[in-house]
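Here is a short walk through one structure. Please keep the sequence and the 3D view side by side as you read.

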Amino acid sequence: MGWLRDAWSDIDARSPDDLARRVQAHPEWPTDIQLGVRSFGNRIRELDRGRGAAWWLRAERASVVTTLAEVLGWKPEAVRAAIAGEFPAAGSPRLTAEPRYPLATLGRLRPLQLESETPPPGIPEQALLASRWSRRWWCTADDGARELVARWLARRERATVIITGSLREALEVMPERGRVLVVLSELGADDSPAALLDDPALDDVQLCVAASFWWDGRVDPRRPPAAAPGGWLAIEDEPVERWRDELLAWAVSRCSRGRQPRLERVREVFDQLGGARLFRGPCELIDLVGLIAHLDGRRSLPTTSERWVDCVVMTRAAATAGLSRNHRTWLSEHATSVFLALCGSTLSDAPELRARGLTRAEWSRRLPEQHVPAHDIANARSVLGQAAGDAQPETIERLQRLLAPDTDVVLDALKAAGLLQARASGRLQLAPAWVARLAHEYMFKKTCSGERREGAGYYRDLGELLLRPHLAGEVLDMLVERFLAGGFDSLAELHVATAEHGHDPVAVLGIEACVRAFGLALMVFQGREEARAAGPQLEPVTAAVWAAMHRTLIEVPGQLPRPSLWLTSDRARPDLCDDGLFYLAAVALGESRQLRTRSNSLYPWGAQREPTRRQLEVLRVIGDALGGLDASRHAAALQAGAARLGLRLTDRESMWSPACAKSQLVLPGYLFNAVERMGLEPDARLRALVPIVDALERPGRFIRAINSIELHRWVRVENVLGALWLVWQEDPEAPDGAPAGPEPATREWAPASWFRRAPEAGRALWTHAPQGAASLVFERPALSGGADARVHPALVRAICQRRWPEWVRAWSRRVRLELTVDADFLVVWAAASVDSIDWALEFVFGEPAAEGGSGGELIAPETMRLCWRRAPQRVLARVERFERSAAIRWIELAPRDEDALLVALTDMVARWIAERVVNESLYPRVINWLHARARDRRAGWERAYALLVELARPSWQTLRNWE
């Protein structure tokens, strides 16, 4: 590492032993630590070489680090950070770079001469042109690129470079003027990027922050926030495809002679590994070139993700020098399996957590026990020999300590091999980053394919991933890919797994994902040649999935049936988790079951002669959700499958209806059928379809759909478009009528308008208002004049201060219910105190009103939500005494982000179910609320799911047409 040698040289210490002597002579040296000067000096030597950090970072040796910091003249936290590998740390001297910068961990690439050479292709020009900085923020996932730029700027003295763990620490060493690059490892708890922009102390500083996250903490270098607070200007990395070829040629040219790989071969490896999806920056690609150069001529290159991970891990382990025998032995036997296991343990972690890394203690807990060696086997054998078969309690305790897993050996070995790299605040991150991503993808695919576990364990593993909204869409896409490849044999027993594990919400999530993914894959299969060949194999699987789907349905009278746990994604755009795609998968399953003679709750196409309300609703939600198919890696196949499915549905002449045709699922099919049936002139059916085509929001999707259908009809796309043009060219009738004139102006009411013209006069006027004045507000629909008709907030405050009871009494006597939804009313309730709200609820929902509901119907939903926000416990106490129909109305509008409140309301609903008071009128509303609670995945959602199943179970017994 070298930082410690530089530090003891600054205080004129002659050697590690000399430094050890000075530290032990310091008054702060802990007397309880007995350590010879020579032994302590060896510890310092090891630390200077980058080894043995775990010894220094133990809690019982914190005072040793503090004393070392005192002797060196550093801050204790800076020394701890440097020991953990964060060098140069905040509080240490600013970065000064060596003239040469090594370009790859493995492979002999010519180092970059910082004084005479420019950085490699792929580095944003704005990050290098310090003269153009004002307030710049460079977000890149390539750690090497940030370090290279920092050293290049520092060596050429183009900017002062500060490498730090927080903006607060950077401010402590910030110069008064000049250009400054802050390489930031994380946002501290008290860091405010927005406040940094307005700091007067930085008026003469041209600042650029380089980090792996944006100023709002989001970890996605490819998507900067929509708006920068106060003026941060984003520096974005250019897409990898723009500079890939130039960078690869540049890197290959720097390989040592005799080791230069063929450029075509490097490109093939890049594409094979995943291309731009895997590599995020130029230094990561340079690392790949160095690895290929190192391997070329020694062995054939790997061909699978797992073998690439094993190759990188073992190559790094073999190249690691200075390790003890225990570390070398462990690395050679277990490094790859542990690296993959650790990547697997991070599958459900948020991207921000993976980017920050984990502490040693957190990684220790995630280490697989079977790969962690015992602490001290040699001494354990000695103790056993001395015990001679007499196992005393103290002997057993000592053996347990000696045989405890030695996680330090594992973590130190991984760190020495460069497979764990130090991050801020003592955290560690799996490295190299591109290898960690590759291993993460491999373990993700392995989990989705069921290779890690079978049976219910597989569905639980899927459910754990689906609980993370950032992964849900990707999990579904992976399942679709698996089923499209024919890997659906395990689904033949899905209905059995559903019956056995329907009580486990996490497993049910996995089951529902399999149902949806298989239905979408089946939609692609239908109509293909291989589907006919796979018919005997598909039939039992389809039957099992069809039954499993119905066993997890929630049926409420008058509503579409739905799965008991909707899948939830946090993507800004629609994806495969869209609710409507569940119904698309269900219709595809129903079509494959050939339910042509009767309808089903999820397949409403039977022998009826007219479209039903259920059918129209299913078509509508599917049509609205088709955009979610675009997010899939198999978008083209899924879109074509949906078009063919829609065509099969429209082949039934009895189902023709312009109302059905409004759905984009069936519109292309209806259009083909209409063109096939028309003569030389457009008929009424085609004319009815043209306005629907005109209103399309996504005409591109429509064109793709008719292109897919063309393969299955004799009518060509040009025939369809030509028929549309025949209608478009007809002369439309001129519209009748003239536009209406403006409405007459509304006369302003002085007691309200004064607050706008002269607030002080308005307050004085309402302070002395007579009794009954508040009720006049209800008799003036336009309180402030004009079309807005809003009560001025100052007027409301004046009323609430002196006339709140009068306001509530006047309001509760009103018959015009539309008054309760005006924004005016919300202003009134927002201005009231908690005690005033409680009084108003007592007045409206007094004991007589609780039974008859005399005032409850007047409270608007907006007002209810505001009351929940202002006085949740007071409202909860009232709601517990309400009549059930009034209580459920309040429960439905309770805030969904207050965990304690939601748990209390769930308890209340649980009592209703136990007391069997959920009657026919309450049933749908209670079911819907529990379903929403289970979908929100907030505190207590598992109990809400259990109540949902308990309440909905009778409907499972009465299902029909399961087949």
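Is helix H21 largely enclosed by the rest of the structure or largely open, and why? Of the 17 residues of H21, 13 are buried, so the helix is largely enclosed by the rest of the structure. Buried means under 20% relative accessible area, exposed means over 50%, and partly exposed lies in between (1.4 Å probe, protein chains only). Helices (H or I, at least four residues) and strands (E, at least two) are DSSP runs, numbered from the N terminus.

A word on the model itself. It is predicted: local features need pLDDT of at least 70, side-chain atom pairs count only at pLDDT 80 or more, and totals for chains, interfaces and linings use all residues. Residues are numbered from 1 along each chain as its sequence is written, and side-chain values use heavy atoms, with hydrogens and water left out.

Back to H21. It covers residues 433-449 and reaches 24 Å from its first C-alpha to its last. That is close to the 24 Å expected at 1.5 Å a residue (the expected span is 1.5 Å times one less than the number of residues). Gly-450 follows H21, and its phi is positive, near 85°.

The largest nonpolar core has 190 residues. Such a core is a set of buried Ala, Val, Leu, Ile, Met, Phe, Trp, Tyr and Cys residues joined through side-chain atoms within 4.5 Å. Leu-181, Phe-339, Leu-491, Phe-518 and Leu-584 have the most contacts inside this core. Helix H25 (residues 505-525) gives the most to it, with 16 residues. Another core lies apart from it, with 41 residues, including Ala-840 and Tyr-923.

Now find the sheet. It is open and has five strands, in the order E4-E5-E6-E3-E7, with parallel pairing. Two strands pair if DSSP finds at least two bridges between them. Strand E4 (160-164) and strand E7 (233-235) stand at the edges, each with a single partner strand, so one side of each has no neighbour in the sheet. The twist averages 20° from one strand to the next. Strand E3 (residues 135-139) and strand E6 (residues 205-211) pair over five bridges. Cys-139 stands opposite Ala-211 in E6.

Helix H8 lies across E3, E4, strand E5 (178-184) and E6. It runs at about 155° to E5. Axes here are lines fitted to C-alpha atoms, for helices over the stretch in contact (heavy atoms within 4.5 Å), and angles run from 0 to 180 degrees between N-to-C directions.

H8 also holds charged pairs. Asp-143 and Arg-146 meet in a salt bridge (2.4 Å, N to O), that is, a side-chain nitrogen of Lys or Arg within 4 Å of a carboxyl oxygen of Asp or Glu. The two are three residues apart in H8 (residues 143-155), so about one helical turn separates them. Asp-143 is partly exposed at 24% relative accessibility, while Arg-146 is buried at 5%. Arg-151 and Glu-147 form a salt bridge too, at 3.1 Å, N to O. They lie four residues apart in the helix. Arg-151 is buried at 19%, and Glu-147 is partly exposed at 34%.

How many salt bridges does a search of the whole structure find? It finds 39. One of them joins Glu-880 and Arg-911, with the closest N and O atoms 3.9 Å apart. This pair links distant parts of the chain, 31 residues apart.
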